[in-house]
Amino acid sequence: MTTSAPTTTTTNIVRFDHDRPLWRRALMTRESAIIGLLAVVLIVASVTVNGFAQPLTYNYLLLDVAPILFIALPMTLVMTTGEIDLSVGSMAGLASVTTGALVQGGMPFEAAAFIALVVGVIGGAFNGFLVTTVGLPSLAVTIGSLALFRGIAVGVLGTTAVTEFPEFWTALAKAKLAGTQIPWVVIPFLVLLVIFVVLFHFTPFGRGIFAVGQSKDAAHFSGVNVNRTKFIVFVLAGAVAALAGVYYTLRYGSARGDNATGLELQVIAAVVLGGVSVFGGRGRIHGVIAAVLLIGALSSALRLSGVTSDIINIITGGLLIISVVGASLFAWVKSKRSTISPARVAASPAS
């Protein structure tokens with residue numbers, strides 16, 4: 001008798017949690033709220049801001065947010081494990097400098113870009129090694145590698161810039177798909193997006209990422225190799241950051257030591273705003289993509305309205321703070337409701 005009561009209560013609680021209609025469970029989420037807010041911003045800006053509702057504006061919007069979109073994909077995985085990588089902006093700058101220095105030395109661009117990607121993999125492996133093998137906190141490790149990678153980048157080129165790149169590649173970085181204002185860069189991004197969505201949401205490795213973020217000990221006892229999972233996501237972050245750095249170089253036609261400075265803050269702001277928990281264990285890629293586009297659209301509309309970059313940064317920071325506080329408040333309300341629900345179920349005639 002004493003064992004049957006908890007079983008009945010647990011069954012009823014699960015039934016209560018899933019008693020809501022499917023449309024409410026699908027739409028009443030943080031990711032859906034971000035997508036809805038993005039739609040509102042686009043509509044309002046198109047009506048009220050002169051020059052926003054033009055294909056050329058959307059073209060430049062996508063070109064500007066492309067590096068953030070690239071890096072946000074692996075950053076979603078990193079933060080879902082409960083870790084963070086603050087070095088991605090510096091890695092993008094280091095990849096840019098690597099590409100520029102090698103091209104300046106006479107190496108073909110394709111080979112230089114490949115070596116830059118290898119540098120990104122090595123940098124990600126370096127972060128992953130210190131976090132997983134040495135056991136250092138990722139915040140401290142990536143703050144250090146942020147300074148290290150940026151210092152190397154600035155040390156290689158100093159205050160000079162490399163601007164001589166093959167015209168084919170610089171034109172391709174800004175090219176549009178035939179008959180549209182959609183930049184060509186969306187094609188490699190969509191390829192990466194499909195890869196990361198499948199990896200994150202439809203594979204055992206992706207389920208392991210969520211498990212590690214929720215509880216490292218529970219994930220370990222469930223058969224997940226915690227250290228290997230974290231190591232891989234850091235390597236992915238380094239590799240994609242390097243790819244973004246190569247694109248950044250071609251987009252602006254210049255390799256400099258200060259390229260992509262501050263990019264990591266924009267990426268983290270978008271990832272957190274998109275619904276990834278800062279404590280790990282929760283995240284959806286479609287919410288992160290919507291958040292990147294939301295911040296980009298808002299920034300573009302404010303710039304066209306004559307708002308300075310300092311004010312735009314304040315607004316972006318405010319959105320980040322509101323998203324973190326809102327998520328914590330939502331989790332608190334949900335926990336309160338879950339503690340009340342057993343009492344309601346026990347009092348119902350069906351129980």
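This is a predicted model: local features need pLDDT of at least 70, side-chain atom pairs count only at pLDDT 80 or more; totals for chains, interfaces and linings use all residues.

Trainee: At what angle do the axes of α5 and α7 cross?
Mentor: They cross at roughly 25° and come within 8 Å, α7 being residues 138-157. Axes are lines fitted to C-alpha atoms over the stretch in contact, with angles from 0 to 180 degrees between N-to-C directions. Helices are DSSP runs of H or I, at least four residues, numbered from the N terminus.

Trainee: Roughly parallel or roughly antiparallel?
Mentor: Roughly parallel, since angles under 35 degrees count as that and those over 145 as roughly antiparallel.

Trainee: Which residues of α5 and α7 make the contact?
Mentor: With contact meaning heavy atoms within 4.5 Å, α5 gives G89, S90, M91, G93, L94, V97, A101 and Q104. From α7 come L146, F149, R150, I152, A153, V156 and L157. By class that is 10 nonpolar, four polar and one charged, with Gly counted as polar.

Trainee: New topic. How many cavities of 30 Å³ or more?
Mentor: One. A cavity is a set of points on a 1 Å grid where a 1.4 Å probe fits but cannot get out, and lining residues have an atom within 4 Å of a point.

Trainee: Which elements give two or more residues to the lining?
Mentor: α5 (88-104), α6 (109-132) and α12 (226-252). M91 and F149 are among the lining residues, and both also belong to the α5 and α7 contact.

Terms used
Residues are numbered from 1 along each chain as its sequence is written. Side-chain values use heavy atoms; hydrogens and water are left out. On a 1 Å grid over the protein atoms alone, a cavity is a set of points where a 1.4 Å probe fits but cannot get out, and a pocket is an open set with protein on both sides within 12 Å along at least five of seven lines; lining residues have an atom within 4 Å of a point. Grid points are joined across faces, edges and corners, and a volume is the space filled by probe spheres set on the points. Angles under 35 degrees count as roughly parallel, over 145 as roughly antiparallel, 65 to 115 as roughly perpendicular and the rest as oblique.
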